Structures are given as C-alpha cells and as structure tokens.
Amino acid sequence: MPKIKMREQPPHERIKNFNEVALGLTEEEAVQEAKTCLQCKKASCVGGCPVEIDIPSFIDYAAKGEFDKALAKIREKNSLPAICGRVCPQEDQCEKVCILAKKQGAVGIGDLERFVADWGLKNRPKTKDHRPKIKRAGPKLEKVAIIGSGPAGLTCAGDLARKGYDVTIFESLHKPGGVLTYGIPEFRLPKDIVDREAGYVKSLGVNIEVNFLVGRTKGIDELKSDGFKAFFIGIGAGLPYFLGVEGENLNGIYSANEFLTRTNLMKSYLFPEYDTPIRIGEHVGVIGAGNVAMDSARCALRLGAKEVHIVYRRTESEMPARIDEIKRAKEEGIGFELLTHPTRFFGDEKGWVREAELLKNQLGEPDASGRRRPVPIKGSERRMKLDTVVCAIGQGPNPLLPSTLPDLKLNEDGDIIVDDNMMTSMEGVFAGGDIVTGAATVIEAMGAGKKAAAAIDRYLRR
C-alpha cells in the first residue's frame, strides 16, 4: 500500500493564519500505515535514527492499536517525540534506509511518531499542569547543570534524570525550548507542543530555571560552589551570519534570528494582543534556501506581505530545506529567484531598504560542501523592488558564554572543541549540538544530548 498522505490545511486558507499546516493522522490511518511495516529482523531504520528508537517495536504496537505501549517504547529513547515527528528530516534518516523506500515508498515513520506522541498528550493521565505522573526510583545522585534548553539540553537532562541525577536546566530566555520555541514557526511546530514536551522532561524530576544567563547571572565556578559536579553546554548556534554587502545596515533588513524570534517567541503575529509588532513591507526578499529561509518566507506572507521571494544562489536541487517545506512554500505562492544573489541594497532618504541589486550565477565545480559552486555572471546585474529583507544564510556559535570561560578551547569557527567523550578542555564540562558541530538538525542535537548524558554518567561514576 502507498504511504498515507497526511491531511493539510488548503494553501488558500493557511496563508491567512499561523495554525499548524499538517493535521496529523486519524487512529484508523495510523493503524493502516503501521501495518505496512515489514518488521525486518535487521531493521536498518533504527540505525538511521540518531537517538536509536526501536522503530519496529513501536510501529508493531501502533499496528495493534496499542498506542500507550507504542509511546512507552518511543520514550525509552526519545523525550521529545511530538517535536521530532514534526520537524525531523525522516526522509534523510530513518525513512531513507527503510527497505520499502525503493519499492512503494518508506513507511511513514515520522507521521506515526507524531501520531503516537499526540495521542499520548491527549490521552495519558495528566496532573493539573499536563505532566504525566512518574515515580522516581531511588535517591537523587550528584547535581548536574544543563546550559540551554534546546533539543540537546532537554534530551541530556531527561536521560540524566532517569538515571537518578539532580538535574537543573538553565535557560537564558523566559521560556524553555531554545530554537524549538524562538526559531520554528507555530504553523510547523505549535508552541503548546513544545511546552508539553518540556513539561514531560520536568516530570522526570528536572528543574528548569528561566531568565538565567550562565556566564552573566552566575558563572560556572559559582555553580560549582552551589554543588554542581558536571555541566553540559547545549546553547546552540544563535549568532546570525550576514552577506557583508553595501546597504545591509538599512532599516527593514533583518537577520532570520531576529525575524523569527520576534514572530514566534514574542508573538508579533498576534499584535495587538501581544504588544510586539514587526514591520512587514509589501515586497519581501528572503536570502537563502534552508528550512530557516522557508520559515521566514512563509511567516512574512502570513504577516501581510503581498509578495515574497526566496533569493538563492544555486538551483532547487541544491536547496538544503526539506522537500516538504519547499513544496508547501510553492503552494502558498512564494516566488523563487534561483541562481541569483544580492550584491547591494538601496534605501530611501529615511534609511529604509527599497531595492536590491541582484546578480545571476551559473554553477561551477563542487565546493567544500559537495554542492556546485555558484559563479557570478558578469554584466547580469538587475534591480528588484524590496522593502523588507530577511537574511537566512546560516548562523554560528553565540560567543557570550565561551567569552566568559578563558580555559574553554574553541576551533577557528568559534565552535567548542570536545573529545570522544564530549568533554571540553575544562574538567567536568561537556558540550554537544550546534555549539560543537555548527548548525544541524533537531534530531542530531538530540543525539548529541543523549551521547553526552551517557558520558556524564560514566564521568560521575568513576
């Protein structure tokens, strides 16, 4: 049977709201999809999962309609299944290596994970604050500090709490979730889902301290004095990259970090209910073609832009965004200016951007990324009317915390250097996720958090 296509809001409706686009599977559809799994003895899908979920087992339970057991099986390895089911690139991981992928299409592992997790959020016994009741086994062990509450930090904290450690997450913002909260739009990842998944981690015994900037509120040495014996740095990559072209400092030109944070965390899309407006012009250009660029473009459309264009220096086949997100952007009317990059911006007398100068490219030999390098075509300059620009060409490590730790070794890009056990150059201080590898996926960050938790456990049990 072909993979069941998940229902979605029609494009003409969803561009007018921030409600979730994908609507999920019904119970009947989930059972039907789960029954397509061959239950392979050597399940390659498990090896394709960075957190090594026992995929055949949870799908087998789902096929029988035993969704509580399916969720319990997922939770053995993954504390954030409702999030992973929505934003992880299963098509490049577990589903890519499914034995059915080349025949009739892979089993919808991601869709099933999302369904089971959502079913659990709706049906499992909950306390008044929506956290499942879980009994702790035995006394708490040493205190461990997790710096950052993104996917790496939440995963590391959850795994350590299950082992009995006294875990506290320190989050600099006023809500937990990291990039899950400030970076991914509501229509792709509803924030109540993030809140509930963070609540699940809290239910394991994890304490979450918000509005706490480690390195400023308190340093690591002060936290050591408070009794913390080990630390995990999972602060992600939050420093935006810019183009470095003339006119880039004009008003109306945003980094994707600022644009999405104002939209998501600060809820500018609900103005005036939330007093955090964001200025959107009629003609919006988003530079880049990753998931962040697609999110920015689709937000701009929903915020009132008349036309939105993705401006990308390569072709569609080189775009790093998920195929589904590119498809949805096209359905919503987002334009694509391919083999094109901006060389400068022009503003009006008040300093607001009004136009971009664009240059055409042709593809040359592959560069270090393995993709063919864009080569500018001389004399191909043209102007494009733009009154809002979002720069979404990537991001690097936030230097705030590392700058307070002179003994912390960094590579030439500013990423934290770790050994095979994920320990940094500082004794008892571990790190993982984007702050170590550079910007990657949610599930890869979770895999790093899981690996770090095991390493911290070994370290503290020496």
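In which hand, left or right, does α8 pass α16 at their crossing? To find out, select both helices in this predicted model, taking residues 151–162 for α8 and residues 442–460 for α16.

**First stop: α8 and α16**

With the two helices displayed, the crossing in which α8 passes α16 turns out to be right-handed, and the helices pack at an angle of about 35°, with their axes 7 Å apart. Next, show the side chains of Pro 151, Ala 152, Thr 155, Cys 156, Asp 159 and Leu 160, which are the residues that α8 brings to the contact.

**Second stop: α12 and α13**

Move on to residues 256–264, which form helix α12, and residues 291–302, which form helix α13; here the packing angle is about 50° and the axes are 10 Å apart. Because of that angle, α12 counts as oblique to α13, and the crossing of these two helices is left-handed. In the contact, Ala 256, Phe 259, Leu 260 and Thr 263 of α12 meet Val 292, Asp 295, Ser 296, Cys 299 and Ala 300 of α13, a group of residues that divides into 6 nonpolar, 2 polar and 1 charged.

Select Phe 271 and Pro 272, which are joined by a cis peptide bond with omega of about 5°; Pro 272 lies in the loop between α12 and β7, the latter spanning 283–287. Then go to Gln 39, in the loop between α2 (27–34) and α3 (44–47), where phi is near 55°, a positive value in a residue other than glycine. As background for both selections, most residues other than glycine have a negative phi, and most peptide bonds are trans.

**Last stop: the second largest pocket**

Finally, centre the view on Lys 3, Asp 111, Arg 322, Asp 324 and Arg 328, which, of the 26 residues lining the second largest pocket, are the closest to its centre. The volume of this pocket is about 650 Å³. Helices α6 (81–87), α7 (109–123) and α14 (323–331) each supply at least two residues of the lining, and α14 gives the most, with 5 residues. Colouring the lining by class shows 7 nonpolar, 2 polar and 17 charged residues.

Key:
Residues numbered from 1 in each chain as written. Predicted model: local features only at pLDDT ≥ 70, side-chain atom pairs only at ≥ 80, totals over all residues. Heavy atoms only, no water. 1 Å grid on protein atoms, 1.4 Å probe; cavity = no way out; pocket = protein on both sides within 12 Å on 5 of 7 lines; lining within 4 Å. Points joined across faces, edges and corners; volume = space filled by probe spheres on them. Helix = DSSP H or I, 4+ residues; strand = E, 2+ residues; numbered from the N terminus. Nonpolar A, V, L, I, M, F, W, Y, C, P; charged D, E, K, R; others polar. Axes fitted to C-alpha atoms, helices over the stretch in contact; angles between N-to-C directions. Parallel < 35°, antiparallel > 145°, perpendicular 65-115°, else oblique. Left-handed = near helix turned anticlockwise from the far one by under 90°. Contact = heavy atoms within 4.5 Å.
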